[in-house]
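Please open the model in your viewer and keep a selection box at hand. The stops below say what to select next and what can be found there.

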Amino acid sequence: MNKCVMCGADIDEKSGKYYCETCEEKMRYVKKLSMVDKAEKLILKKSRDKKEIPDEEVLKYSKVVRERISNGIDKFSSVPEVIAAIQMQRINLEYETQKMIAGTKVDFYIPEIKIIFEVDGSIYHSDKDKTFLRDRQIMKEVGEKWEIVHINSDKIPKYTWNLRDTLPFVVLQRNDKWRFRDSEFDSDFLMDFDSLEKYLRRQKRNENTGLLKANRAT
Ligand SMILES: [Zn+2]
């Protein structure tokens, strides 16, 4: 008999492991929580540059995500996914993580906007055809009213503060550009939303200064 190096419990020699199952489970849990710590740090660092999201708010919602992991509600496979979850908590957008659909797990299943949100690694997924086929299988199961949006993890957190509006915008852009259900440029469309917002803000500002000048003239 081997002994678990963490707690000393007996383990089956044939398993070739150093830890018992209980300790292994605990370590998995700690690893998941440390992903939230990393996400929290990253988000605080990046939002400090922008000064738009107060730190307390980030901490408040990362706590919610931590609790959801503890309660077995959420599972994540990467830090950017955790960041996106914190951002969705902040705007009260409900989601399910790692939902099993058509024999495969999807990152975020978001009923309110009927979108499946996939966070892709920063290296562009090499097998485009495979992704396309996988997405078609998923669509077949969830139905035609749903869409799947693929966003590159390097766009998180900067462009993902308002997924309730930006994900449907990506779908609209896709359709506008004759790219119905083609997710290749999803990340670019997401960034377009940001430019559009900035443009509108500038317009608004100009309008206001215009009004100010007009008022002064009278
Ligand atoms: Zn143990």
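Predicted model: local features only at pLDDT ≥ 70, side-chain atom pairs only at ≥ 80, totals over all residues.

Begin by selecting Val82, which touches Met35, Val36, Ala39, Val65 and Phe76, leaving aside residues up to four places away in sequence; two residues are in contact if their C-beta atoms, placed from the backbone, lie within 7 Å. Residue numbers start from 1 along each chain, as its sequence is written.

A residue is buried if 20 or more other C-beta atoms lie within 10 Å of its own, exposed if 12 or fewer, and partly exposed in between, with the C-beta atoms placed from the backbone. In soluble globular proteins, nonpolar side chains tend to be buried together.

**Helix α3**

Now select residues 79-90, the twelve residues of α3, which reaches 17 Å from its first C-alpha to its last, close to the 16 Å expected at 1.5 Å a residue; the expected span is 1.5 Å times one less than the number of residues. Ten of the twelve residues are buried, and these are Val79, Pro80, Glu81, Val82, Ile83, Ala84, Ala85, Ile86, Gln87 and Met88. Turn the view until the strands come up behind the helix: α3 lies across β3, β4 and β5, and runs at about 140 degrees to β5. Such angles run from 0 to 180 degrees between N-to-C directions, along axes fitted to C-alpha atoms, for helices over the stretch in contact.

**The sheet**

Select β3 to β6 together, and you have four strands forming an open sheet in the order β3-β4-β5-β6, with mixed pairing; two strands pair if DSSP finds at least two bridges between them. Because β3 and β6 stand at the edges with a single partner strand each, one side of each is left without a neighbour in the sheet. From one strand to the next, the twist averages 45 degrees.

Within the sheet, β4 and β5 pair in the antiparallel sense over three bridges, and Ile110 stands opposite Ile115 in β5. The two strands form a hairpin with four residues between them, and Lys114 in the turn has a positive phi of about 50 degrees. On the next pairing, β5 and β6 run in the parallel sense over six bridges, where Glu118 stands opposite His150 in β6.

Which residues of β5 lie on each side of the strand? Ile115, Phe117 and Val119 are on one side and Ile116, Glu118 and Asp120 on the other, and all are buried, which leaves both faces of β5 covered.

**Backbone details**

Next, go to Asn92, in the loop between α3 and β3 (96-101). Phi of Asn92 is near 60 degrees, a positive value in a residue other than glycine, and Asn92 is exposed, with 9 other C-beta atoms within 10 Å. Move on to Gln98 in strand β3, where phi is also positive, near 45 degrees; Gln98 counts as partly exposed, with 14 C-beta neighbours inside 10 Å. Then select Ile156 and Pro157, whose peptide bond is cis, with omega near 5 degrees; Pro157 is found in the loop between β6 and α5.

**The whole chain**

Finally, zoom out to the protein chain, which has six helices and six strands in the pattern β-β-α-α-α-β-β-β-α-β-α-α. Its C-alpha atoms fill a box of roughly 90 × 40 × 30 Å along the principal axes. Of its 218 residues, 28% count as buried.
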